[in-house]
Structures are given as C-alpha cells and as structure tokens.
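Subject: Structure handover

Hello,

Here is the structure I promised to pass on. My notes follow below it.

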Amino acid sequence: EQEGLVAGIRGVDWDAVEQPSQFMENWCYDRKTIDKLAVHYETGAKIPDELWEKVKAAKNFRAGSMMMRQLLFSVTDLTLHSTHDPASGQTPHDVYKKVAETYSVTTPMEYDRFLCGFSHIFAGGYAAGYYSYKWAEVLSADSFAAFEEVGLENEDKVKETGIRFRDTVLGMGGGKAPLEVFKEFRGREPTPDALLRHT
C-alpha cells in the first residue's frame, strides 16, 4: 500500500513524466523489434521492405516544423506563466504572436485564438510545464541512444542496458531528481544530439 504513493508518475517531476512513454516509441522504428511484433495474423508475413521504408520516412516528415511548433507552445506557456504581466495591456494572444515571431515560419492569423483551446496550460495541469514534452523527447532519445551504442543487434548488451534503464529511470521514479536518475543511467547529463539525429 505504501508503494502506491510513489507508483507510476506520482512524485515524478514534470521534467521526466513523459520520458518512459516517449522512450518506448523509439522501439517502433527498430526493424528487428517490429518484425517480432507486426506480422500478418494469418500468414505470419512481416511488413514488406517497401512499406517499412515509407513508415520510416513518414516519421521524419516535417520533423523540423513539429519541433518548432512544440517550442512555440512551450515558450508561450513559460512566458505567460513567468514574465507576462496581465496589467500591462498585453493580452495572452499578443504574447503568443510575439513568441511566434521567433518560433513560427508564418505569423498567426488575426483570428487565430489557439490559446483559447490550449487546455494543457490553462486547465490540464501543465501550466509552465508544457516544455516537458520536448524535454522528455531529449531524455528519451538520449536514453534510447544508450541501446544504440551497445548495438541493437547485441541482445546480451541490450538486455544489460535494459536492466540498467529499468533500475534507474523506471525503478527510481520520483525517488530522486530526474537529472540524477538520468545521470545514473547514462553516466552523464543529457544532450539533444540523439534527438536531433532521430528527427
């Protein structure tokens, strides 16, 4: 019963809440893993090479645009919850448009009221925490890179790395600060290198 108070994402800082789920997504682009999971229910045939190449290409289609979109949302959220002064006469929409000057290819249309429906930061518990989605991508890609570094085809090393991931990232949960947990797993602080390579 006491363990339930720290099970799942309870006690985990927002910085790392999304890391495990995003980490698992990496395995969806490892052909060897998919070949074990995705087979025709009658014939047992694996995904054809031509289709697999399309899946991989679709993963990175407009990845830069998606990254900029997430940064736009994150910086808008942080600005609204940190430096924005509602008494200044500047509306939240004005803040969004200003941030878009840096993080969007196009200027939001005058009728754009995206923020009115951006419930994550106003009603969804992510106030000043939306950045955690992008940060979790950094953590998850860097974590998956540990498996790539030992060789995804080396089952013994993958298992060893998996046990270390389980015992640190998954096992420690909110018992330690996310950065400390990550450093125990990787032996260093996270870098965006793997995320940039994967997208």
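Glu155 counts as partly exposed, at 46% relative accessibility. Its side chain meets that of Lys32 in a salt bridge, 3.1 Å from N to O. Glu155 lies in helix α8 (residues 155–172) and Lys32 in helix α2, so the pair ties together parts that are 123 residues apart in sequence. Lys32 is partly exposed too, with a relative accessible area of 34%. Keep in mind that this is a predicted model.

Helix α2 (residues 31–37) also holds Arg31. The side chain of Arg31 forms a salt bridge with Asp49, at 3.2 Å from N to O. Asp49 sits in helix α3 (residues 49–60), 18 residues away from Arg31 in the chain. Asp49 is exposed, because its relative accessible area of 55% is over the 50% cut-off.

Arg188 forms a salt bridge with Asp142, and the closest N and O atoms are 2.6 Å apart. Arg188 is in the loop between α9 (178–186) and α10 (193–198). Asp142 is in helix α7 (residues 131–150), and the two are 46 residues apart. Asp142 has 1% relative accessibility, so it counts as buried. Arg188 is partly exposed, at 29%. The pair belongs to a salt-bridge network that links Asp142, Glu149, Arg186 and Arg188. Across the whole structure, a search finds 16 salt bridges.

One more residue to look at is Gln22, in helix α1 (residues 19–26). Gln22 is buried, because its relative accessible area of 11% is under 20%. What does Gln22 touch, not counting residues up to four places away in sequence? The list is Tyr133, Ala136, Glu137 and Ser140.

Now the overall figures:

- The protein has 10 helices and 0 strands.
- Of its 199 residues, 33% count as buried.
- The C-alpha atoms fill a box of roughly 60 × 45 × 30 Å along the principal axes.
- Among contacts between residues at least 6 apart in sequence, 61% join residues at least 24 apart.
- The accessible surface comes to about 12400 Å², and 57% of it belongs to carbon and sulfur atoms.
- There are 23 positive and 31 negative charges, and their mean positions are 3 Å apart.

Best wishes

Conventions: Residues are numbered from 1 along each chain as its sequence is written. This is a predicted model: local features need pLDDT of at least 70, side-chain atom pairs count only at pLDDT 80 or more; totals for chains, interfaces and linings use all residues. Side-chain values use heavy atoms; hydrogens and water are left out. Helices (H or I, at least four residues) and strands (E, at least two) are DSSP runs, numbered from the N terminus. Buried means under 20% relative accessible area, exposed over 50%, partly exposed in between (1.4 Å probe, protein chains only). Contact means heavy atoms within 4.5 Å. Accessible areas come from the Shrake-Rupley method with a 1.4 Å probe; for residues, only the protein chains shown count as cover. Lys and Arg count as positive and Asp and Glu as negative; His and the chain ends are not counted. The place of a charge is taken as NZ of Lys, CZ of Arg, CG of Asp or CD of Glu. A salt bridge is a side-chain nitrogen of Lys or Arg within 4 Å of a carboxyl oxygen of Asp or Glu.
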